[in-house]
Amino acid sequence: MTRIREEDLIASVADALQYISYYHPPDYLRALTAAYEAEESPAAKDAMAQILINSRLCAEGHRPICQDTGIVIAFVKVGMGLQWDSRRSLQALIDEGVRRAYTDPSNILRASIVDPPIGGRRNTGDNTPAIVHTELVPGETLEVELAAKGGGSENKARFAILNPSASVVDWVLEQLPSMGAGWCPPGILGLGIGGSAEKAMLMAKEALNAPIDIHALKARGPADAIEAMRLELHEKVNALGIGAQGLGGLTTVLDVHIRIFPTHAASLPVALIPNCAATRHCRFTLDGSGPAQLDPPKLDTWPQITWDAAAGARRVDLNTVTRGEIARWQPGERLLLSGKLLTGRDAAHKRLIELIERGEPLPDGVDLSNRFLYYVGPVDPIGDEVVGPAGPTTSTRMDKFTERLLAATGLIGMIGKAERGPEAIDAIRRHRAVYLIAVGGAAYLVSKAIKSARLVAFEDLGMEAIREFEVEDMPVTVAVDTEGVSVHETGPRQWRSRIAEIPIRVE
């Protein structure tokens with residue numbers, strides 16, 4: 001009879017989480033490379049190039065693909081014939097593996113889990129607890145499927161209970177535009193159809209771990225209605241023209257995976273969950289012979305891409321930039337930033353606004369006049385790094401603070417990822433500020449441009465504390481100009497029209 005030793009499971013979980021933090025699944029790399037080669041939108045192609053280059057750097061340097069190293073999800077199939085060599089619960093064993101992985105000094109991963117979820121929201125410090133889903137199955141092995149799900153894509157999850165006669169395809173196509181680009185496309189869509197509310201969500205989440213095989217499915221043709229729906233959604237979602245990072249382009253999704261389950265005659269539960277450009281997941285099986293062995297992908301899995309950050313880009317000195325200068329920047333224009341900027345996310349914004357509302361001064365070192373604020377929560381540095389991977393966070397979470405901050409501080413620019421909402425765009429226009437985006441999913445590449453970092457305020461907020469970065473040639477794109485023109489509106493609209501004019505190809 002198989003005996004599963006607790007150290008084998010703990011070590012396997014820890015090793016797997018480290019592994020997926022810096023290795024993209026090969027199927028994703030192949031699919032993204034194909035999309036990059038086919039892409040006709042210069043902005044989207046540039047974004048995909050950065051994601052692919054970042055991926056190779058992370059594989060070589062064993063550092064996280066994205067600064068948001070995710071909430072850990074574990075799908076565990078426990079053979080009913082196995083025995084446990086442990087007195088601890090399965091949750092405790094997996095949490096110990098998470099703790100070991102996220103505090104590994106050779107590759108520290110960002111702790112993002114807060115407890116309680118409302119009120120104090122204190123960071124647990126080691127990214128525990130994990131979310132564990134368990135199923136008892138025949139056999140004597142333990143099968144574990146792990147994923148590390150970033151907040152940007154997790155926040156875009158959708159659920160509805162439709163009328164049984166409703167169209168699932170139509171519902172999905174209604175959801176995608178409202179999801180924006182905070183989930184960092186191009187990625188994968190997981191759908192759960194049927195069951196109950198919680199079953200549909202669970203199926204959608206699990207579907208994201210399936211291999212990318214849409215091109216093979218196209219080649220052989222659908223065998224049933226669900227495969228036909230996958231093909232239809234893949235084509236119609238991409239026809240929306242959202243594109244990489246929401247900039248407009250040919251590819252928004254690389255695949256669509258669907259799980260189904262019988263449901264009540266009066267119901268049609270449907271869940272939609274996207275996976276981002278980091279798409280971290282892997283599977284291993286324990287049979288009592290020792291911890292799992294995970295083989296690294298071969299480096300020739302990554303494409304050879306030449307990317308020149310300076311080509312066609314405007315160089316900007318953040319230390320001397322003026323309102324007159326930013327007024328000349330055009331939507332979609334590429335910039336290379338050098339100089340000093342401050343960082344700040346949700347928790348820091350909340351504290352700054354509270355100080356402003358009370359009429360109290362901002363903390364020493366937090367002078368935002370004529371400066372730029374970068375929405376980022378970086379990974380801790382290791383070795384001689386000044387900062388760990390430091391890609392942008394989703395900017396819409398800062399929208400409700402934008403008007404007050406621009407009005408009270410003299411801030412002239414913000415940097416993040418994805419679109420801004422109408423409220424924020426209106427504030428940007430009225431205050432003649434700008435909003436820039438860095439590429440989500442290229443965190444390690446972005447960090448190479450950061451030459452120094454120092455803590456400025458709110459140390460207790462951990463990764464959400466305010467820091468001052470000095471950057472050199474940090475690549476960004478003008479997403480909202482001083483007139484309030486947003487590339488996340490103009491780009492997809494342009495490419496949706498262009499895609500509609502492309503003749504249907506018979507394959």
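Reader: How many bridges join β16 to strand β17?
Author: 4 bridges join them. The two strands run parallel. Keep in mind that this is a predicted model.

Reader: Which residue in β17 is the bridge partner of M414?
Author: Y435 is the partner of M414 there.

Reader: And how does the chain cross from β16 to β17?
Author: Through helix α13, residues 422–430. This β-α-β crossover is right-handed.

Reader: What about β15, how many bridges does it share with β16?
Author: Strand β15 covers residues 372–374 and pairs with β16 over 3 bridges. The sense is parallel.

Reader: Which residue stands opposite I415?
Author: Y374 does. I415 itself belongs to β16.

Reader: Which helix makes a β-α-β unit with β15 and β16?
Author: Helix α12, residues 399–409. That unit is right-handed.

Reader: Back to β16 itself. Which residues point which way?
Author: The strand spans residues 413–416. G413 and I415 point one way, and M414 and G416 point the other way.

Reader: Are those four buried or exposed?
Author: All are buried.

Reader: New topic. Where is S486?
Author: S486 is in the loop between β19 and α15. Strand β19 is 466–480, and helix α15 is 487–501.

Reader: Is S486 buried or exposed?
Author: Buried. Its relative accessible area is 2%, and buried means under 20%, so S486 qualifies.

Reader: What does S486 touch?
Author: I425, A479 and V480. That leaves out residues up to four places away in sequence.

Technical notes: Residues numbered from 1 in each chain as written. Predicted model: local features only at pLDDT ≥ 70, side-chain atom pairs only at ≥ 80, totals over all residues. Heavy atoms only, no water. Buried < 20%, exposed > 50% of the residue type's maximum accessible area, 1.4 Å probe, protein only. Contact = heavy atoms within 4.5 Å. Pairing = 2+ DSSP bridges. Right-handed = clockwise from strand over helix to strand, strands pointing away.
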